[in-house]
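Subject: Structure handover

Hello,

Here is the structure we discussed handing over. Please look through it before reading the notes below.

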Amino acid sequence: MKHEILRTCGVSAERDGRQRLEQVDILLLQGETMGIVGRSGAGKHTLSAVVTGEGIPTEGLILLEEQAVQSKALAAAGFCIRAESRLFPSLTVAENLLATRRAGRLLYRKEKMRVLCREILTQYGMEQYLEEAVSALPQSVQHRLLLVRIALQGKQFAVLQNLAGQYSLQEQMELWDTVQKINAHGIAVLYLTEDLDYLLCQLPQYTVMDKGRVLKRLAGTQSAKLRTYLYGYHAPVQWQYNLALGHEELFRLQGYPIIAGGVCRILDCDGETQALRQMLRHACAAHGLLTAEVHQQILFESFVDVMTVRDNVLLSAAPRISGIGFHIKRRMLRLLQQECVAETGLSNVQMLQACSKLTKKERLQLLLYRWRLRGARVYLFYAYDKEECLLLEQVLQQLCDIGGAVIFVSTRAEALPQQNTPYIVWKNGRLQEDTL
């Protein structure tokens, strides 16, 4: 059974005269990696300073192996690696690794130092860097070597803060491999990030912070893993806040709120007007929201019918994975097909058939799946008859469950589903304020 390394009990802290942490409770176990995600200003920097002894809490206790400790003991037990952290450029890789309390006495014996250094780097799969000059090493490699040095120094935990923001997908995967190896040596890792990146998605669960408080612990999802695999893409962490905080107002459409996880219904009395479509597009773009448009025509224009379903899905991913190694690419493509089958309800046999054989509903599921991978936040549904309305209604809840906002537009009041729900009227080129 893993024992407790670090625990904060009701910790509060101030920085620059402002309250940055408020009653924060976290628990870090031996050999465990704990992920905390939060936007800028959520309190991650202050938390890392407090647990590594760089800052002093104004309230609460910090326990190290179940004993209340002060800043000096925390500084000896842990170390924080930030984006700007680097190795000593004037030393070699071997000298950087062995300039520790445990190995310092070997510095005067170069031969033993090189043998020991090679053994250490081989354990972490980094032996190729033994002869490299530190100044020539990329940022990601220096961060990984800092993790190795932490293990050599006998530290009990490491804090990684906002490291992967500038990393490529390959570099994120290598960082995760190093983190797993120091976990295997019993070292705990606290991973703080603003993005839903590759490393965070490998964890079984992670914690959401906002405004200095721990909000909720969420389970990692396979779709989030795939999104990062495919695009090296940092999915909007706002989706995770929606799940933690409940529905959130994304923006206002001429005074009417557009809610994440909700549906806004508009009755278009002017009849399929381009003015309404342009207004909706501009409103979403003005707030930096990726928007997916769904209507009858686009269900057929979005796919190359003579190509297979799988090839249509891969088509959008091809430019983003072109520079990735063959073995990684093959794993990504396999995951992509598995995810597509699970999310769209298509079979593996259908994935190898031409798109022309898909039904309207299957095309719709496939189209929405592609938009979800890209991180779409707002879905504009245009339905001008009863059949279209019923088709689109079947996927509304699925989109709302992942924090998407749906704007449902129809030209016929009787075609609008769920007649007991309120809707807005678009008439004479504007939304009618008195008809909600």
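The notes below cover the basis of the values, then the sheets, the cores and the salt bridges.

This is a predicted model, in which local features need pLDDT of at least 70, side-chain atom pairs count only at pLDDT 80 or more, and totals for chains, interfaces and linings use all residues. Residues are numbered from 1 along each chain as its sequence is written, and side-chain values use heavy atoms, with hydrogens and water left out.

Overall

The protein has 16 helices and 18 strands, taken as DSSP runs numbered from the N terminus (helices H or I, at least four residues; strands E, at least two). Of its 436 residues, 52% count as buried (buried is under 20% relative accessible area, exposed over 50%, partly exposed in between, with a 1.4 Å probe and protein chains only). Among contacts (heavy atoms within 4.5 Å) between residues at least 6 apart in sequence, 73% join residues at least 24 apart.

Sheets

Strand β1 (residues 4–15) is joined to β2 by 8 bridges, and R7 has L27 of β2 as its bridge partner.

Another open sheet has 6 strands in the order β14-β15-β16-β13-β17-β18, with mixed pairing. β14 (291–294) and β18 (430–432) stand at its edges with a single partner strand each, so one side of each has no neighbour in the sheet. The twist from one strand to the next averages 25°. Within this sheet, β13 (residues 263–268) and β16 (residues 405–410) pair in the parallel sense over 5 bridges, and the partner of R265 in β16 is F408. Helix α15 (residues 360–374) lies across β14 and β15 (378–383), at about 170° to β14. Helix α16 (residues 386–401) lies across β13, β14, β15 and β16, at about 165° to β15.

Cores

The largest nonpolar core has 43 residues, and L121, M126, L145, L147, L160 and V179 have the most contacts inside it. A nonpolar core is a set of buried Ala, Val, Leu, Ile, Met, Phe, Trp, Tyr and Cys residues joined through side-chain atoms within 4.5 Å. The largest share of this core, 8 residues, comes from α5. Apart from it lies another core, of 34 residues, including L314, L366, A383 and L392.

Salt bridges

The whole structure has 6 salt bridges (a side-chain nitrogen of Lys or Arg within 4 Å of a carboxyl oxygen of Asp or Glu). One of them joins E54 and R82 at 3.1 Å, N to O. E54 is in the loop between α1 and β4 and R82 in strand β6 (residues 78–82), 28 residues apart. E54 is exposed at 52% relative accessible area, whereas R82 is buried at 13%.

K181 and D177 also form a salt bridge, with the closest N and O atoms 3.2 Å apart. Both lie in helix α6, about one helical turn apart because they are separated by 4 residues.

R281 and E293 meet at 2.4 Å, N to O. R281 is partly exposed at 29%, while E293 is buried at 15%.

Regards

Methods: Two strands pair if DSSP finds at least two bridges between them. Axes are lines fitted to C-alpha atoms, for helices over the stretch in contact, and angles run from 0 to 180 degrees between N-to-C directions.
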